[in-house]
Amino acid sequence: MRNLFLLVFLLFTLFVGGCSYQKENPKKKYSLEEGFRQPPKSAKSKGYWCLVNGNFDLAQMTEELKEFKDKGMGTLDIWDVAGWVDPNGVEPAGPPFMGDESVQAVAHAIREAGKLGIDIGLTISSSWNAGGSWVKPEDGVMGLFDTSLTVQGPRRYRASLPFPHIPETFAGKKMLLYKRNDGLPTFFKEVALLAYSVSKDSIVGRVIDISGKFTEGILTWNVPPGEWHITRYVVTGTGQTLMVPSPNSNGLMIDHFSAKAMRKHLNYFFERLENELGDLSQTALKYLYTDSYEANSAAWTVKLPEEFQKRRGYSLIPYLPTLRGYIVQDRNTTERFLFDFKKTLSDLIIENHYALGKKLCNEKGIGFIAEAGGPGPPVHNCPFESIRALGSLSAARGEFWFDPLLGEEHNESVRVVKGPASAAHLYNLPRVEAEAFTGTQLWQFGPGDLKATADRVLCEGLNSFVYHTTPHIPREAGIPGWVYNFGTIINTTRAWWPLSSAFHNYLARCSFLLQQGNFVADVLYYYGDEAPNFVKPKRFNPSLGVGYDYDVANTDIILNKLDVKDGRFVLPHGQSYRILVLPDDERIDPTVLQKLSELVKKGGILVGKKPLRSYSLHNYRQNDKRVRELAETMWKDDADKIKYGKGRIYTDRENLRAVLKDLHIMPDITLLKDHPHTRIDFIHRRTEEADIYFLRNTTAKSQVYEIRFRTRNGRPELWNPDNASIAPVSVYIKDDRSVTLPLKLDALASAFIVFRNKPVGRHIVKVELNNERIFPDAEDTFPLRYSDTGLYFERNGDYALTYDDGSLKTYTVAVPDTALAISGPWQIRFPYGWGAPQRVEFEELISWTEALDPGVKFFSGVATYLNTFTMPGEKIGQNNRLILDLGKVSKAAKVFLNGRPLGIVWHAPYRIDITSAVKEGRNYLVVDVANVLSNQMTGDARRAGRDKRTHSNITKGPNAWHTPWKDVPLVESGLLGPVTIHIKREVKCCQ
């Protein structure tokens with residue numbers, strides 16, 4: 001019996017061990033190839049894991065984490081938030097965020113994630129921004145409020161002054177105001193009492209601080225002759241609450257400019273979490289997170305007058321009327337004061353919120369991340385310069401939207417990627433993250449619909465996707481369950497979730513390669529010293545032209561990190577640039593200009609017009625003089641190009657391409673056959689071992705490019721992030737500065753060209769077909785295919801291949817390509833319980849939405865297509881390559897042939913190589929096809945009662961509030977074909 005017990009125990013141990021998830025070593029260093037083929041957690045996508053209305057299901061959280069792990073995600077950001085849109089009131093109110101039940105749920109998720117090797121982030125509020133029910137009035141968002149009256153002098157004035165009015169609402173939302181019995185706020189502080197004269201054109205002349213004349217609410221003052229405005233300024237809380245908190249979690253937003261408020265806020269989280277989890281550094285919780293800044297009811301803090309005095313060197317009190325739109329003294333004075341005022345606010349929020357947040361979290365062994373890149377005005381009234389804010393964090397996070405309904409103008413206004421990318425490059429941050437695919441469409445799209453947008457932001461610098469959103473769905477909520485009403489839902493209830501791994505893996509492979517080394521750019525734009533300040537999305541710049549890339553820098557980088565070595569502007573971690581471009585502004589900080597003077601003398605190249613004055617009001621005459629004198633020394637004549645020390649200054653910032661040409665800086669990529677329809681986008685990273693180029697075809701048609709890459713590294717390779725294949729590129733021309741090669745990309749397709757430090761080896765430098773040159777100088781054709789096993793001909797004819805050693809090889813290819821159509825009938829199997837018959841037969845492939853049976857018409861999920869075909873033996877040869885082309889698929893498909901899984905196709909062209917699985921005679925083809933959930937929701941909206949299979953708080957779509965679900969157009973679904981097997985008799989010409 002004892003031996004039997006031991007045997008059972010051993011078998012149980014082996015079984016459990018065999019089923020456990022393998023954890024990743026966080027300190028492991030991955031080679032390029034290893035990380036590309038099996039991306040580490042740091043490259044895998046994240047998701048906003050919404051606990052809608054504060055609800056959770058502990059067992060379901062565990063199951064979801066397993067699914068996230070299985071499909072290829074790496075991190076979940078827990079986000080307590082209201083469903084916002086819930087007209088039928090189906091969402092129950094969960095427990096208060098960070099109350100006992102909530103903390104236990106958070107701790108459960110962290111423990112379960114740790115077992116699975118998944119990381120967790122935690123948002124420091126219910127919804128956004130930072131705040132909660134524990135925030136006291138003295139730590140909430142502060143505003144400067146005033147009340148005014150007018151008196152005529154000369155006279156002795158003695159009277160009470162009313163307390164400023166504090167609005168009960170802001171932007172249509174009720175404020176949470178804490179008041180004493182006498183109606184005054186429980187917390188307030190007098191800032192100043194000013195008397196000032198105002199001319200007819202709203203110019204304030206003399207300003208008198210009469211604060212000392214105001215005691216116990218009574219002003220006693222001998223009024224000078226004339227009309228005087230008397231304004232009482234008071235700082236108190238605005239009462240702004242969290243934006244969309246779960247029902248039991250509302251509370252004040254914190255004062256983001258106050259270090260005291262931030263410390264108390266984070267300490268609340270630390271205490272609650274540590275009581276449940278112990279040492280946070282030993283858990284799966286890797287960072288705390290806060291969303292984009294929208295505490296826009298006011299911008300003030302209790303210590304602002306003292307901080308302003310300390311930082312700017314003068315008092316802000318006499319200039320307070322400018323905050324009401326008055327001009328104090330003159331426009332120059334007012335403009336300079338407002339610059340100082342906004343810069344002080346920027347410094348305070350960066351230092352006391354973002355940088356302090358990171359410091360406090362680091363002390364606990366975790367990180368701090370915030371969406372600190374904007375969007376700025378006019379979308380959000382963010383009061384800071386974004387590069388420094390982002391650089392203060394553990395990772396730079398922005399956002400981008402995917403919403404065809406709202407249009408490209410809107411989507412571009414909220415595409416915040418280039419700024420976070422620049423900050424990460426400048427401050428040596430490991431990841432460029434973004435809230436990804438935000439929008440109003442929820443369940444309308446498949447993964448292939450998202451690809452072009454994903455590729456675009458990858459070229460802008462993104463290397464870490466955070467899905468907005470990945471909601472947690474308690475079992476009681478049904479499918480698709482309770483969700484936050486903005487975003488593209490990517491979670492376990494998506495109809496295409498079972499087939500989503502290929503999509504996640506694609507993004508992870510791209511992200512891994514684009515996290516390596518340093519970004520390669522020639523241009524560093526300085527965006528000045530103003531606040532707020534934000535970086536616009538990457539777009540074509542006519543002055544720079546095609547083939548060059550850039551970053552945007554701030555004052556902090558120039559003053560404290562930038563140097564010049566060997567004619568390049570360099571940063572301590574190796575990031576470098578060839579030229580630095582000044583903003584189109586006559587103002588500059590004299591210390592910045594002094595530093596630029598030193599950098600140019602050392603050999604730097606500066607582009608921009610001569611500055612004329614400084615920004616600040618403090619000592620502005622002396623500072624203006626410093627700027628003019630130094631500028632006269634640097635821009636010593638009116639020439640377009642001025643030698644200064646070892647460097648140069650170019651004055652025409654509107655023609656940067658000419659500057660680069662004059663410096664003999666060739667484009668990083670050059671399209672040698674650059675037609676208007678052959679557009680391409682790219683990004684370039686460089687490591688010690690490789691140059692990594694990611695390229696995307698920006699057009700909706702297949703393209704053949706002839707591209708010159710500015711690299712001296714070894715032979716090129718084609719890395720395909722779809723399937724992790726690596727193919728040597730054996731056709732190219734190399735010189736001491738560049739490599740030129742032909743590249744085919746399907747419509748909206750993408751690929752990596754990687755140059756590793758390997759011996760170049762023998763390669764082809766010219767290709768001719770039927771006595772016509774194909775490369776170089778190809779005319780939109782290149783009939784050869786790069787493969788991990790060599791180079792193959794794809795067209796019949798007489799080929800002449802010239803090698804770099806001058807040798808010539810000729811081939812005659814005369815092997816017909818054939819195609820085998822797979823026709824109906826198709827057997828289709830639908831899962832039980834979703835309204836469709838379990839088995840149907842289609843004579844021809846049609847969209848499910850065209851079926852007469854309503855169960856098929858409105859079906860959402862995964863259905864299985866079955867068919868057979870007969871393959872003649874002579875079609876299966878050593879040199880034959882068989883490609884299954886599914887034609888059109890909506891939205892994703894997984895292919896099995898003769899019982900062997902061959903992979904998932906999730907974007908056009910829906911093709912897959914079946915060579916390894918096909919056999920002579922009868923073959924059995926199985927294709928799982930997934931569509932989108934919207935169709936089932938439309939069908940359910942037309943049904944009643946028990947026939948409904950979907951349940952959600954969202955009753956209208958596709959933008960969550962306009963169109964009733966019953967009227968939402970159906971999305972084409974299923975395997976649409978035509979389905980064809982292309983049999984290519986390929987001739988291998990060489991390795």
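Helices (H or I, at least four residues) and strands (E, at least two) are DSSP runs, numbered from the N terminus. With that in hand, welcome to a predicted model, where local features need pLDDT of at least 70, side-chain atom pairs count only at pLDDT 80 or more, and totals for chains, interfaces and linings use all residues. Residues are numbered from 1 along each chain as its sequence is written, and side-chain values use heavy atoms, leaving out hydrogens and water.

**A covered helix**

Let us start with helix α10, residues 418-427, which is mostly covered: 10 of its 10 residues are buried. Here buried means under 20% relative accessible area, exposed over 50%, and partly exposed in between (1.4 Å probe, protein chains only). The buried residues of α10 include Lys418 and His425, along with Leu426 and Tyr427. After α10 comes Asn428, with a positive phi near 60°.

**The nonpolar cores**

A nonpolar core is a set of buried Ala, Val, Leu, Ile, Met, Phe, Trp, Tyr and Cys residues joined through side-chain atoms within 4.5 Å. The largest one holds 184 residues, and those touching the most other members are Leu288, Leu320, Tyr354, Phe437, Phe465 and Leu580. Helix α7 (residues 331-363) supplies the largest share of this core, 10 residues. Apart from it lies another core, of 40 residues, with Ile669, Val704, Leu791 and Tyr803 among them.

Contact means heavy atoms within 4.5 Å. Leaving aside residues up to four places away in sequence, Phe465 touches a set including Phe400, Phe437, Ala454, Leu458 and Leu507.

**Two helix pairs**

Two packed helices are described by the angle between their axes and the distance between the axes. Axes are lines fitted to C-alpha atoms, for helices over the stretch in contact, and angles run from 0 to 180 degrees between N-to-C directions.

Helix α11 (residues 447-460) and helix α12 (residues 501-514) pack at about 5°, with axes 11 Å apart. By class, the α11 and α12 residues divide into 9 nonpolar, no polar and 2 charged. Ala, Val, Leu, Ile, Met, Phe, Trp, Tyr, Cys and Pro count as nonpolar, Asp, Glu, Lys and Arg as charged, and the others, Gly among them, as polar.

The axes of helix α14 (residues 590-601) and helix α15 (residues 620-634) come within 9 Å and cross at roughly 20°. That makes α14 roughly parallel to α15. Among the residues that meet are Leu593 and Leu596 in α14, and Val627 and Leu630 in α15. The contact of α14 with α15 has 7 nonpolar, 4 polar and 1 charged residues.

**Backbone exceptions**

Most residues other than glycine have a negative phi, and most peptide bonds are trans.

| Cis peptide bond | Omega | Loop holding the proline |
|---|---|---|
| Gly824 and Pro825 | about 5° | Pro825: between β45 (818-821) and β46 (826-829) |
| Gly977 and Pro978 | about 0° | Pro978: between β58 (974-977) and β59 (980-985) |

Asn771, with phi near 70°, is in the loop between β39 and β40. Asn770 is partly exposed at 42% relative accessible area, and Asn771 counts as exposed at 77% relative accessibility.

How values were computed: Angles under 35 degrees count as roughly parallel, over 145 as roughly antiparallel, 65 to 115 as roughly perpendicular and the rest as oblique.
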